[in-house]
Amino acid sequence: MNFFARKSARDASAFKGPLSSFSSHEPWSAKARSGRLSYLAFRTATHEGPWLPRAVEGEIPRDICGVLLRNSPGQKENFDVPLGHLFDGDAYLTALRFENGRLSGRSRFLETRERQHERHCGRMRYHEFGTRCPSRALGVKSPPSVNVFAMANQNFALSEGAPPVAIDAETLDCLGSCDFGKSWPARTTFTAHPKRDPVTGDVFAYGLKPGLPTELLLGRLPAGRDEFEIIARLRVGGFYPVHDFMITKSYIIVALPPVHINLWGILRNRSSIAENLVAEGDRPLRIIVARKDGSGVPITIESHPAHMIFHHANAVESEDGKTIRLVSMEIEAAAGFRMLEGWGREAGLSQPKSQMTEFSIDLETKTLSRATLTEAALVEFPAVDPRTLGRSMETIYALRTSDAPGDPLAFDTLTSWDGRRFREIRAAQGQMLGEPVVLADKAGKSWIAHLGYDSDHDESFVDIREPVDLRLAARAWFGFRIPLGFHGCFIPDGDEQTPLRH
Ligand SMILES: [Fe+2]
């Protein structure tokens, strides 16, 4: 811990206010976009439609039946405007259908209203997250390119700055944005990382409602229902780019980062979100704990150092409900800010340090302690078996960077932590790996599925691996490339929550 504490304290002193202007920013030249990073961040997807794998190594387990959906920003230029930030670009979806040991796929851009409008106009009309529209913009586009989630008997593509967008998981058609029967408040963001309680089936989400003051809203979608209940509204004093949260049996946990977005700056300067991030130098990390049933008053626990937390892995509460174990991925604040502000620019490519941390939260004393589980140049994209989410602290999977100094996106190692030791597998030279997803087959057995990319052949693949020891069971080669992107989910056939037809 001391390593991070020292680093953070030093960086924080030079870490107040907007760090830079994008006015001098030029996206990378084609020449500079070398290696695997360029694949992930700066090349537009080219393949749309149904497809079959070029080759399959090993045997795809016959009991895996369902669809693995992956989402990503898939467009890296917009009518000759290079999109310079990793978060920029329209949503590109891939559906991988597993059935009786066979795999088929479908990939396409999600035809949102904004995407169709720009194509109709023949030019860029919206600011992206990190790239300004060169002419008068109609607003900031929040393409649903981050995640996919099933709830309220529909499947959704998710951003986090705009409402969920319903999709047809068979055709990947865009069915329009959804406010859950007006139960989700207007002009309120919706998280890209909803959580389903594996015992009750209730879905939980948060959103930020801008205003004076800005409010953090917590919502519950009861199992079998299609309307949210807002269970808490908290004044948080600013528009904080919270990216993830966690649940336990009784609680919702939200960590506020030491960064906020100056919404007034976006409106006044007609600029992008990334240009209006503000680091809050000495502000502590604030962890908010609220009861899932909406009772009581949420508590806020402050802690230093205030690292950035993009993703949580899992959490469990003690039997008496007085303490919580929370495992999260922490990135030192200045590096996390740079990634958020300018991920994709050359200046943003210094290797950020991060760690998997176990927080021990005492709800009675309103204090917490930390234990470092692992450190890495970058350890991210945690995943657990969704049947254990918030209920049982079992194996945690994550991606690490090991062999790519200067390329923080080249995740080449998949790791598992079973509470006692780490196991790892390394990708072959020239390959990188995508976020692991833990899925259950018809017999209830767990498997690990993740995408991968081979730069030598410019080709994507999907791996199916045994849990814990990560032994490879099957690899299917696509015959073309898709962006590895960020998140997705597995929707098993017959899931009552997800009437998926494919
Ligand atoms: Fe995420």
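Q: Which residues are linked with K141 in a network of salt bridges?
A: The model is predicted. In it, the side chains of K141 and E118 meet in a salt bridge, 2.7 Å from N to O. K141 sits in the loop between α3 and β8, and E118 in helix α3, 23 residues apart. The network that holds K141 also links D90, E111, R115, E118, R119 and E128.

Q: Is K141 buried or exposed?
A: Buried means under 20% relative accessible area. The value for K141 is 5%, so K141 counts as buried.

Q: What is the arrangement of the four donor atoms around the iron ion?
A: The iron ion is coordinated through NE2 of H193, H243, H311 and H487, at 1.9 to 2.2 Å. Four donors count as tetrahedral if all angles lie between 85 and 135 degrees. Here the angles run from 93 to 155 degrees, which makes the arrangement irregular.

Q: How many residues apart in sequence are the parts that H311 and H487 tie together?
A: Along the chain, the donors of the iron ion follow the spacing H-x49-H-x67-H-x175-H. H311 lies in strand β22 and H487 in the loop between β34 and β35, so the parts they tie together are separated in sequence by 176 residues.

Q: Which residue in β21 is the bridge partner of I287?
A: Strands β20 and β21 pair in the antiparallel sense over five bridges. The covered face of β21 holds I299, I301 and S303, while T300 and E302 are on the uncovered one. The bridge partner of I287 is I301.

Notes: Residues are numbered from 1 along each chain as its sequence is written. This is a predicted model: local features need pLDDT of at least 70, side-chain atom pairs count only at pLDDT 80 or more; totals for chains, interfaces and linings use all residues. Side-chain values use heavy atoms; hydrogens and water are left out. Donors are N, O and S atoms within 2.8 Å of the metal (3.2 Å for Na, K and Ca); water is not among the atoms, so sites may look incomplete. Four donors count as tetrahedral if all angles lie between 85 and 135 degrees; four count as square planar and six as octahedral if opposite donors are over 155 degrees apart and all others between 65 and 115; anything else is irregular. Helices (H or I, at least four residues) and strands (E, at least two) are DSSP runs, numbered from the N terminus. Buried means under 20% relative accessible area, exposed over 50%, partly exposed in between (1.4 Å probe, protein chains only). Two strands pair if DSSP finds at least two bridges between them. A salt bridge is a side-chain nitrogen of Lys or Arg within 4 Å of a carboxyl oxygen of Asp or Glu.
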